[in-house]
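We will go from one stop to the next, and at each stop you will read what to select and what to look for.

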Amino acid sequence: MPNSQPVAPVDSSLAAEAHHEHPTYLRHHFHSVAQQADTANFAMWLFLVTEVMFFGGLFTAYLVYRNWYFPAFVAGSHQLNVVWGTLNTVVLILSSFTMAMGVWCAETRRKNGLVLCLALTFILGLGFLGIKSIEYSEKIEKHHVPGIQYSLSSFLDPASDKEATAAGDKPLSLDMARHTEVYFSLYFAMTGMHALHMIVGIGVLAYMIFRARSGAYTSGHVTFVENFGLYWHFVDIIWIYLFALLYLISRH
Amino acid sequence: MSEHTHTVVGPRIYVTILLALLLGTALTVWASFIDLGFWNPIIALAIASTKALLVLLYFMHVKYSTNLTKLAVVGAIFMFTVLVSLTLADYISRAWGSW
Amino acid sequence: MDHTSPILWQFLVKWMTNFPLFPTEASTIAPNVDALLIFMTLVSLIGLVAVFVLIVTFSILYNKKRHPVAIQMEGSTVLEATWTLIPLALFMVMFVWGSIIYFRIFTPPTNALNIYVVGKQWIWKSEYAGGQHEINSLHVPTGRAVQLTLISQDVFHSFSIPAFRVKREVIPGRYTTVWFEATKPGTYRLFCTQYCGKDHSHMDGEVVVQTPEEYRKWLANSTSGTSLAQNGERLFASLSCNACHNARPDARGPNLPRVFGSKLTLTSGEKIIADDAYLRQSILNPSQHTIQGYAPIMPTYQGQISEEGVIDLIEYIKNLDSDYRIQQTQSVTDLPPDNSGKTGPSPSATGVKEPVSKGSVKP
Amino acid sequence: MSASTLVSLPDSSAVGIPEDNYISREYGLKSWLLTQDHKRIAVLYMISLVFFFLIGGIMAGLIRLELLTPQSDLMSSDTYNKVFTMHGVIMVFLFLVPSVPATLGNFLIPMMIGAKDMALPKINLLSWYLYIFGGILVLYTLVSGGVDTGWTFTTPLSTHYLNTKVMSTCMAVFIAGFSSIFTGLNFLVTIHKMRAPGMTWFRLPLFVWANYAAAVQMVLATPVVAIALVLLMLERTIGIGVFDPTKGGDPLLFQHLFWFYSHPAVYIMILPGMGVISEVISTYSRKRVFGYTAVAYSSVAIAVFGFFVWAHHMFIMGISNYAVLVFSLLTMLVAVPSAIKIFNWAFTLYKGSITFEAPMLYAFGFMGLFTIGGMTGVFLGSAGTDIHLTETYFIVAHFHFVMVGGMLMAFLAGIHFWWPKITGRMYPEKLSQMAAVVTFIGFNLTFFPQFILGMLGMPRRYASYPPEFQVLNVFSTAGATILGIGYLIPVLYLLWSLKYGEVAGDNPWQATGLEWQTQSPPLTENFIEPPIMDHEAYDYAWLDRKNRERQKGEVSNAE
């Protein structure tokens with residue numbers, strides 16, 4: 001069937017494909033492994049861009065209300081445990097490091113190293129969630145979860161509250177105390193969204209450990225590990241900001 | 001369409017960055033307990049941004065990436081800034097009262 | 001003839017010949033808005049005609065029969081610049097013009113007659129200083145700037161009077177204002193234009209514009225006996241506000257006469273003008289609005305007073321002596337002088353300049 | 001054969017549909033539902049879009065019927081609220097946002113840039129499934145009692161004052177949003193990474209530029225509405241106070257976050273339509289698009305400036321007056337690139353060689369209606385007139401001129417233009433031209449009276465209205481009937497053409513895009529040999545050269 005210029009006879013195209021190196025993981029619509037890897041990498045970055053905007057909405061809300069209800073945000077922030085928070089930051093930074101090392105192991109085809117790194121990342125991720133759940137349960141005990149059960153006593157009467165006393169809080173007036181609920185709404189929304197991303201990440205890590213043991217990522221095709229690394233580091237970056245904004249900024 | 005040459009970043013850089021990040025964490029926690037008034041949030045955010053930048057550049061290999069990746073990063077930061085600043089512009093100027 | 005005419009004829013005569021194409025202009029701002037609207041319509045028409053003429057002419061001149069071979073060309077910087085800059089310039093004119101009108105509509109003059117409007121699903125309640133109130137209806141005089149202070153008790157509503165070309169969102173938790181000066185006596189439509197739930201389309205009413213004399217009569221006939229300020233005084237007492245706001249030297253709260261319209265310095269150092277919005281906020285969220293020199297000890301009244309109650313209190317505080325009040329009263333008095341609206345705690349409002357205690361609540 | 005009216009070249013491939021093509025390669029439901037071929041996904045999208053358009057259209061019909069009389073007699077105001085909400089949600093999130101990108105964009109972008117497929121075929125399929133999942137949730141909402149928030153989900157109405165299916169609707173929009181994100185992401189990656197050798201940025205068809213710009217907005221804006229909806233749902237279920245004024249939240253913050261997406265969303269809807277118009281006008285005037293670079297850059301300018309103007313939806317809502325100034329100014333700026341496009345299209349006709357096939361008629365319709373829609377947008381962007389016009393039928397008319405008069409016209413233009421490529425068959429030409437004219441007349445009769453209604457102050461979303469507005473509403477309803485017929489005719493003859501239409505051949509319009517240089521319907525891999533782009537976009541001289549060479553080749557073959 002005669003077609004216009006870009007279309008050449010069928011057999012020559014087959015010949016062209018034949019002398020291409022063709023690893024099994026190269027999908028049919030890419031010219032080369034490099035193009036495929038590049039594409040996947042760029043797609044991952046774009047996905048992270050959407051994630052930035054997703055969290056962007058939350059950060060905007062946080063900044064607006066922090067401006068409005070500054071004392072409530074200070075008092076709310078004093079309810080968070082800096083020790084746990086710092087520990088969690090360290091845990092997450094370490095997991096980011098092990099993940100980066102995992103990517104390096106995959107790139108340099110070290111199978112055992114990769115499995116070890118992924119496993120460490122997995123454990124550290126779980127550790128983060130464990131610490132986070134301790135923090136959450138403290139909040140639940142003190143009725144600091146927004147909703148019907150929300151309790152204002154820590155803010156109206158700081159003397160009755162360990163954290164508030166430690167921070168030297170003065171009692172808030174009732175109207176300002178009520179606005180601590182906005183702080184905790186945002187606290188739970190932001191850390192909750194972050195934790196959700198961690199849970200998804202840990203799920204993928206488990207799958208990757210399983211695959212890595214059979215050498216799936218140490219035979220040259222490292223795109224998946226690299227992309228997951230990007231995701232994991234991004235989650236780390238979000239936490240770095242959450243830690244600063246929620247825990248530290250009103251500490252002094 | 002240039003396909004970038006893949007740079008493998010090694011453990012030495014990673015360890016250095018890890019230490020820098022841990023140092024940053026210690027620094028920011030320490031700084032948060034000192035009353036610097038106006039400067040507290042700025043310092044906290046500056047340290048956080050430095051840490052984030054280190055993660056971006058080295059852990060996430062942006063330093064060794066194509067311009068396209070850098071553009072995506074800058075674009076994301078830019079749009080994030082637009083969202084935050086234009087929204088806050090409304091909130092802040094509301095208090096200025098009427099004309 | 002309509003008793004014999006066929007239905008179609010009725011349709012044509014009674015219906016088709018009599019429907020509006022342009023809203024009546026019944027406020028001072030309406031002609032200004034319309035001028036801009038007409039300008040924009042003309043510009044749009046010219047643009048549309050330009051596009052139409054281009055398409056039609058080119059279609060005729062260069063259709064395939066007449067012009068079988070297209071002549072390729074790249075573009076033209078001059079033309080691109082033309083249709084970038086001319087629309088841009090026109091849009092800038094519209095922007096500036098529109099902004100001027102916007103600020104006119106949303107910046108009430110200081111001597112405006114204030115009417116409160118509370119929106120709730122699905123009624124409008126207008127409250128007048130003299131204590132008159134009505135549902136889904138608003139009475140205003142001609143020749144007098146009227147400011148509406150609007151608030152919603154539940155969801156977003158929007159207060160729209162098309163004949164005046166004004167509209168303002170009515171928001172829960174915050175006062176919004178809009179003002180107009182009616183020019184033509186008559187009855188005009190009033191709509192809620194922001195979708196607000198089930199009976200949104202029944203949240204309409206009418207604006208009755210009357211001459212000042214008629215309006216005065218209406219005010220006198222519809223009074224409920226107590227003015228908003230008097231209601232506010234009662235509420236003030238029953239909430240024991242005077243325990244602190246009592247003008248004594250050792251008072252724990254600021255002295256309220258003259259507070260309305262004055263410039264206050266808050267604890268945060270911020271300067272603020274005590275307007276309706278400020279008074280409302282400092283009743284409901286006092287700790288954020290504490291005046292310098294006072295401890296943030298005032299309790300919140302959020303959830304204890306209805307929006308109407310807050311309006312009463314504000315009106316009461318306004319009616320305590322203040323410079324602003326004097327100004328306003330002078331211009332108000334020529335409207336409802338015989339009305340009991342001014343019999344609140346400051347009966348002497350007219351022209352009395354001496355400050356403080358005069359109108360303040362006796363402990 | 002209608003192609004003979006265009007360019008009388010012997011087209012030997014036009015004797016029959018090529019035996020091997022993307023439709024005939026595999027059969028069976030499974031081969032469609034698990035396909036990763038961008039063309040098949042586009043077809044899946046097209047079928048589902050038409051389905052949802054039909055449902056949304058029925059809702060529109062009900063609305064117009066109800067508004068025939070001033071009283072709410074056909075349905076209670078409660079029902080009416082649900083009907084217009086479902087109309088809005090379905091049309092915006094399930095039809096307009098994915099319309100051109102997910103169907104034509106999906107089908108054509110890889111072909112236009114000379115690629116075998118989208119960069120991420122699995123994500124592409126996933127995005128269709130997400131869309132369907134969102135659609136099913138909307139259908140569930142519809143049959144289980146409906147929702148009456150309005151498509152804007154205004155808080156605190158949606159969070160605290162309604163007992164309808166707000167949650168499932170929000171979830172549906174959230175999910176459909178991710179479908180849109182993935183589509184946009186896929187476009188960006190594909191356009192960046194999959195272009196054929198020689199296909200530089202300024203050789204891309206303007207359709208690709210337009211979709212690229214829309215994709216940028218999809219990727220950047222949609223996540224913000226996603227988080228806004230998450231917060232809304234949390235507020236509704238557990239009562240966090242972020243948007244609740246009684247707890248200290250600000251309902252306007254929801255408006256900010258919502259419109260940060262929903263304003264760019266209108267550009268997501270219209271930009272791909274503009275891309276279609278560029279292709280159509282160039283092809284039927286046989287001329288390169290006038291000011292190619294200006295049109296390309298104006299797409300990007302719309303995409304960028306489109307992000308800075310969202311608060312013009314909130315001018316009277318109590319945002320700061322200074323913010324109003326800034327947003328009003330920026331709104332004026334974003335109107336300029338649209339004007340640039342209109343005039344460039346008009347001048348593309350200049351010294352062209354114009355024919356008037358159905359797509360061209362739709363494109364002319366687009367230009368006229370979009371000019372009106374765009375200009376009335378300026379009425380609303382100027383703060384002073386916005387006060388009077390906003391929240392009335394003027395708004396309704398304005399965005400229907402842009403969305404229906406603009407976008408839907410462009411969609412129909414595109415469908416007609418590429419139908420021979422997608423199906424390999426032609427539709428009846430006279431009928432299609434007639435349908436275009438009917439649509440145009442019906443559209444104007446439906447929506448032009450609404451401008452006047454808006455000027456008069458008739459509020460939108462009213463089930464009953466004052467009697468003086470009736471005449472214009474009757475006009476509008478009458479127009480809607482004609483419009484409905486105008487949409488029905490193409491559905492019928494396009495379906496008819498699937499079996500009985502003339503065989504179209506590779507390039508019935510003699511268009512220059514790479515998608516036309518392969519067989520119709522295309523092979524699963526689009527091209528037998530990966531194409532090399534060796535000429536500018538819209539290079540009709542190149543096409544003529546090719547045709548001459550081919551003719552020569554055929555003659556020598558015959559000898």
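**Stop 1: a helix pair in chain A**

Start by selecting residues 33–68 of chain A, helix α2, together with residues 223–248 of chain A, helix α9: their axes come within 10 Å and cross at roughly 15 degrees. Keep in mind as you go that this is a predicted model. Which way do α2(A) and α9(A) run relative to each other, parallel or antiparallel? With angles under 35 degrees counting as roughly parallel, α2(A) and α9(A) are therefore roughly parallel to each other. The crossing of α2(A) past α9(A) is right-handed.

Now show side chains. On α2(A), pick A37(A), A40(A), N41(A), M44(A), L48(A), E51(A), F55(A) and Y62(A); they meet T223(A), E226(A), N227(A), L230(A), F234(A), I238(A) and L245(A) on α9(A). Colour this contact by residue class and you get ten nonpolar, three polar and two charged residues.

**Stop 2: the whole of chain A**

Zoom out to chain A. The C-alpha trace spans about 85 × 45 × 30 Å along the principal axes of chain A. How does the radius of gyration of chain A stand against that of a compact globule of 252 residues? The globule would be near 18 Å, but chain A has 25 Å. Of its 252 residues, 53% count as buried. Among contacts in chain A with a separation of 6 or more, 77% come from residues 24 or more positions apart.

**Stop 3: a helix pair in chain D**

Next, select residues 251–284 of chain D (helix α9) and residues 292–305 of chain D (helix α10), whose axes come within 11 Å and cross at roughly 175 degrees. That angle makes α9(D) roughly antiparallel to α10(D). Show Y267(D), L271(D), M274(D) and S278(D) from α9(D), then V295(D), S299(D), I302(D) and A303(D) from α10(D), to see the contact. Its residues divide into six nonpolar, two polar and no charged.

**Stop 4: where chain D touches chain C**

Finally, display chains C and D together: 77 residues of chain D are in contact with 76 residues of chain C. Elements of chain D giving two or more residues to this side include α3 (77–96), α10, α12 (358–381) and α16 (470–500). Which element gives the most? Select α11(D), which gives 14 residues. By class, the chain D side has 46 nonpolar, 23 polar and eight charged residues.

How values were computed
Residues are numbered from 1 along each chain as its sequence is written. Chains are lettered from A and ligands numbered from 1 in the order in which they are written. This is a predicted model: local features need pLDDT of at least 70, side-chain atom pairs count only at pLDDT 80 or more; totals for chains, interfaces and linings use all residues. The radius of gyration is taken over C-alpha atoms; the globule rule is 2.2 Å times the number of residues to the power 0.38. A residue is buried if 20 or more other C-beta atoms lie within 10 Å of its own, exposed if 12 or fewer, and partly exposed in between; C-beta atoms are placed from the backbone. Two residues are in contact if their C-beta atoms, placed from the backbone, lie within 7 Å. Axes are lines fitted to C-alpha atoms, for helices over the stretch in contact, and angles run from 0 to 180 degrees between N-to-C directions. Helices (H or I, at least four residues) and strands (E, at least two) are DSSP runs, numbered from the N terminus. Angles under 35 degrees count as roughly parallel, over 145 as roughly antiparallel, 65 to 115 as roughly perpendicular and the rest as oblique. A crossing is left-handed if the near helix is turned anticlockwise from the far one by less than a right angle, and right-handed if clockwise. Ala, Val, Leu, Ile, Met, Phe, Trp, Tyr, Cys and Pro count as nonpolar, Asp, Glu, Lys and Arg as charged, and the others, Gly among them, as polar.
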